[in-house]
Amino acid sequence: MNIAIVGASGAVGQELLKVLSERHFPLDSLHLFGSKRSAGRKYEFNNQEIRIEELQHGEQFRDTDIVFTSAGACVSKEYAEDITRYGAIMIDNSSAFRMESDVPLVVPEVNPNDAFHHPRNIIANPNCTTIQMVVALQAIEQLSHIRRVHVATYQAASGAGAAAMQELEEQYRQVLNGEPVVTDKFAYQLAYNLIPQIDVFTQNDYTKEEMKMYHETRKIMHSDIEVSATCVRVPSLRAHSESIWVETEQPISPEQAKEAFRNAKGCILMDDPSQKIYPMPLYLSGKDEVFIGRVRADITHQKGLSFWCVSDQIRKGAALNAVQIAELLIS
């Protein structure tokens, strides 16, 4: 099993290295690729030092079985043919192919069988906010079909990359030292602030990030589910949080929902209001699962439920989900 990572020096690329090692992924060789700027950097993997090669058109992937790509949609589109030409499966973490009809969009806890139908040898990794939400929704869907979802996201700086995480930390330092605050990765200062915009606005005044949650959820769940999202950037570092309201066809009690979450693959229930136990991003960064709490009946709707969920954006929202897809393929 010969594996490659494109975009190895980025936040997700680095997390891919960790996840592959931690999960003892069965590989014979690992090649790292990046831009001309990152070529030559060396990273340790399983006590071996691997040097990043410059990504180029040609035959770099001739003997490769699985390629994880996390270098942005433009790079994925430009190099997809090079990567897949000789039979390698491309597991892509960008938005390049997610809504293409002949490219499966996979979350292993929800639609694992879709991973085996990849006519273009490309499998898309969903958007991070969608991944954690559908893992939670799948538990409810097993009890009753979900008609409608309203979700507000509280997205960490990590969603904008490693440089954005560094910028947030630097902004806090600048504010505390009374220095001018420098903004580059965000439209506004994020430290001590919330920014109610992620990605650009579309014609309906929803952002692209919000519309991704609508379209991707329907594709992954093979459902007519309706999703309305408001996506907000918050000054936490790397775990996303979501406040979710669902309307189901049949009434579901909070007790039924909690039991479903407790037994659902990839979920951990953290829900004891009397002891102030609920998921928080500060304490759940670096974890694999989707953590769920604040499960309660909606007091305005007989068939409504509300809950809160938190998951590490770089792990389950990106690197871990991609590796789980690869594990499906080789299982």
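1. This note concerns a predicted model. Helices α3 and α5 are oblique to each other, because their axes make an angle of about 45°, and angles count as roughly parallel only under 35 degrees and as roughly perpendicular from 65 to 115. The two axes lie 10 Å apart, and α3 passes α5 in a right-handed crossing.

2. The residues that make this contact can be named on both sides. From α3 come Thr129, Thr130, Met133, Val134, Leu137, Gln138 and Glu141, and they meet Glu209, Lys212, Met213, Glu216, Thr217, Ile220 and Met221 of α5. By class, the contact of α3 with α5 divides into six nonpolar, four polar and four charged residues.

3. Helix α3 (residues 128-141) also packs with helix α6 (residues 254-263); the axes come within 9 Å and cross at roughly 125°. This pair is therefore oblique as well. The crossing of α3 and α6 is right-handed.

4. The contact of α3 with α6 has six nonpolar residues, with no polar and no charged ones.

5. Turning to open space, the largest pocket has a volume of about 1,400 Å³. Its lining is made up of 49 residues, of which Gly72, Ser158, Gly159, Ala160 and Gly161 are the closest to the centre. Several helices give two or more residues to this lining: α1 (11-22), α2 (73-84), α4 (162-176), α5 (208-221) and α8 (315-330).

6. The class make-up of the lining of the largest pocket is 20 nonpolar, 21 polar and eight charged residues.

7. The second largest pocket holds about 240 Å³ of space. It is lined by 13 residues, and Ser95, Met99, Lys208, Lys212 and Glu216 are the closest to its centre. Helix α5 supplies the largest share of this lining, with five residues.

8. In the second largest pocket the lining has five nonpolar, two polar and six charged residues.

9. Helix α5 links several of these points. It meets α3 through residues that include Lys212 and Glu216, and Lys212 and Glu216 are also among the residues closest to the centre of the second largest pocket.

Key. Residues numbered from 1 in each chain as written. Predicted model: local features only at pLDDT ≥ 70, side-chain atom pairs only at ≥ 80, totals over all residues. Heavy atoms only, no water. 1 Å grid on protein atoms, 1.4 Å probe; cavity = no way out; pocket = protein on both sides within 12 Å on 5 of 7 lines; lining within 4 Å. Points joined across faces, edges and corners; volume = space filled by probe spheres on them. Helix = DSSP H or I, 4+ residues; strand = E, 2+ residues; numbered from the N terminus. Nonpolar A, V, L, I, M, F, W, Y, C, P; charged D, E, K, R; others polar. Axes fitted to C-alpha atoms, helices over the stretch in contact; angles between N-to-C directions. Parallel < 35°, antiparallel > 145°, perpendicular 65-115°, else oblique. Left-handed = near helix turned anticlockwise from the far one by under 90°. Contact = heavy atoms within 4.5 Å.
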